[in-house]
Amino acid sequence: MSKERLQRNIEKAQHEIDTKKDLVKNGSMRQKYHFMAQTGWINDPNGLIYFQGNYHFFFQYNPYHGFWDSMYWGHAVSRDLLHWEYLPPALAPSETYDDHPKGGCFSGSAIERDGRLYLMYTATTNAGEGFEQTQCLAYSEDGIHFEKYEGNPLVKAPAGIPADQFRDPKIWKHEDFYYMVVGACKEERGMALLYRSADLIHWEFWNVLFESRGEWGRMWECPDFYQLGDKYVLTFSPIASGDHTAVWLSGQFDYETGRFCPERSGEIDWGLDYYAPQSFLAPDGRRITVGWANGWEWMPQWKDWGPSFQEGWCGFFNVPREVRMLKDGSLQYLPVRELEALREKPCRIQELFVTEEERELIAGDGICFEMKFRIDLERTDAKSLELDLRCGKGKKTACVFDFEKGQLSVNRNNADGWSRGTSRSVLFLKGKQELDVHIFSDQSSIELFSDQYRNNHSNNVFAGNTQRMIKVHAYGGTAAIVDYESYGLQCCF
Ligand code: FRU
């Protein structure tokens, strides 16, 4: 009976997608190489995994409208992380434990066991006692059609943890056990809870993996935990933690005690549109992570609906990034090398001395492009360097490298008539001879990577097709740009 309900709800959603997808596809703000859904709203990446020869991408999904509502799990597969084949939604609300009309099937992760694909997700319901979140399992033989486990829900919030703040399980296997971290909070302090299981069904609460003392928000969404080299990494998206929307901690972990001792911390991305990253292992051993470019374009209390919402969709995912660790324990987030296959129309300039006089730069069509260069700090005496992207009609998105203040900022207050805000981060320049810069621009986004991929800014920009000039100038002296290279990027959809 409930199996049929799941099937029916998936078919209904698929019918909705099929009816709208051709119209939505023509939207002028649609991305050209960033993964997104065919219609409707998306948020967190879920259940990323390489399974039976394909990368599987599941995601929080409202196939019906361009706003957040009752959540499904959208689904697509790819062989190269660039070109995606859409599959029917994998999960739909269908059970009394996951059918909250403003909830549904929340975020989670995937794991393979004996050739089967398992999804662990957060189910949401109004159990008569308010909004309740529990951890549930679904499984599939073919990686396409899923059944929910009849013994769901498997894990309820432990004593002392609010039942409406207990979500986003990330599972992995180590030796003979499965482990799971779940985001939670206690007394308004975010935390990650650690569980252990021998069979994916029976879970034992193991420990508080790590918790905020107030410095990292009041609830941790979408925690992730993995080994990288001889250290361990915990990432999460804290609620109410100012500019911190995707935090990493690296340090030591002991499977005997279940305690994580961080030694370093940092921000995965300082941009205004990066949230809820989830990682997985590629077959070649790379740790790859994907974040949600979290543009909220519609809220009932807002008067205006955003540019992509008006085209019947909202949200996309930032480019997949490979995570690496430097000797000092700091993390680098590099756009995956697969993206190089999209390059066309190369342009190279060996040296460029930028003064206060504005100059134009060439990169693809000025909309979909990749740009890479280094700033030679020893030959730079300017106070700052401003790189203006998506310029036209008196508008621009200004990327400012302020050498004097030691600040990197991306200002989109005059970007497109819709977007607002400036993302800012500290530029650590002391003792450095040069600063590396790498940019990916798509129809509606700019991702800037700097300082060995440790200082990154992802921002959505809805600049349409007429804003396509790139300009650069310095303030108070000369800035030396070396090894400038740029490429147009081919469309994947
Ligand atoms: C993060 C989040 C998760 C939750 C999901 C619901 O963006 O709030 O904590 O599982 O989105 O869509």
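Predicted model: local features only at pLDDT ≥ 70, side-chain atom pairs only at ≥ 80, totals over all residues.
Residues are numbered from 1 along each chain as its sequence is written, and side-chain values use heavy atoms, with hydrogens and water left out. Local features need pLDDT of at least 70 and side-chain atom pairs count only at pLDDT 80 or more, while totals for chains, interfaces and linings use all residues.

Start with the largest nonpolar core, which has 45 residues. A nonpolar core is a set of buried Ala, Val, Leu, Ile, Met, Phe, Trp, Tyr and Cys residues joined through side-chain atoms within 4.5 Å. Buried means under 20% relative accessible area, exposed over 50%, and partly exposed in between (1.4 Å probe, protein chains only). Y33, F57, F59, F317 and L339 touch the most other members. Several elements each supply at least two residues of this core, among them α1 (2-25), β1 (40-51) and β2 (54-62). Helices (H or I, at least four residues) and strands (E, at least two) are DSSP runs, numbered from the N terminus.

Now look at F57. Leaving out residues up to four places away in sequence, F57 touches F35, P45, N46, L48, G74, H75, A76, W84, V290 and F317. Contact here means heavy atoms within 4.5 Å. Another core, of 35 residues, lies apart from the largest one. Its members include L361, F401, L408 and V437.

Next comes the ligand. Residues around it include N43, D44, R167, D168, E221 and Y275 (each with a heavy atom within 4 Å of the ligand). An N or O atom in the side chain of Q60 is 2.7 Å from a ligand oxygen atom. A polar side-chain atom of W68 lies 2.9 Å from an oxygen atom of the ligand. S107 uses its backbone: a polar atom there is 3.1 Å from a ligand oxygen. Taken alone, the ligand exposes 320 Å², and the protein buries 92% of that (Shrake-Rupley method, 1.4 Å probe).

S70 sits in the loop between β2 and β3. Why is S70 counted as buried? Because its relative accessibility is 16%. Beyond residues up to four places away in sequence, S70 touches Y61, N62, P93, H100, P101, G103 and G104.

Finish at K231, in strand β14 (residues 231-239). K231 also counts as buried, because its relative accessibility is 17%. K231 and G251 are 20 residues apart in sequence, yet 5.5 Å apart in space, C-alpha to C-alpha. The side chains of K231 and E263 make a polar contact at 2.8 Å. Within protein, that term means a pair of N or O atoms within 3.5 Å, one able to donate a hydrogen and the other to accept it; residues adjacent in sequence count only if both atoms are side-chain atoms.
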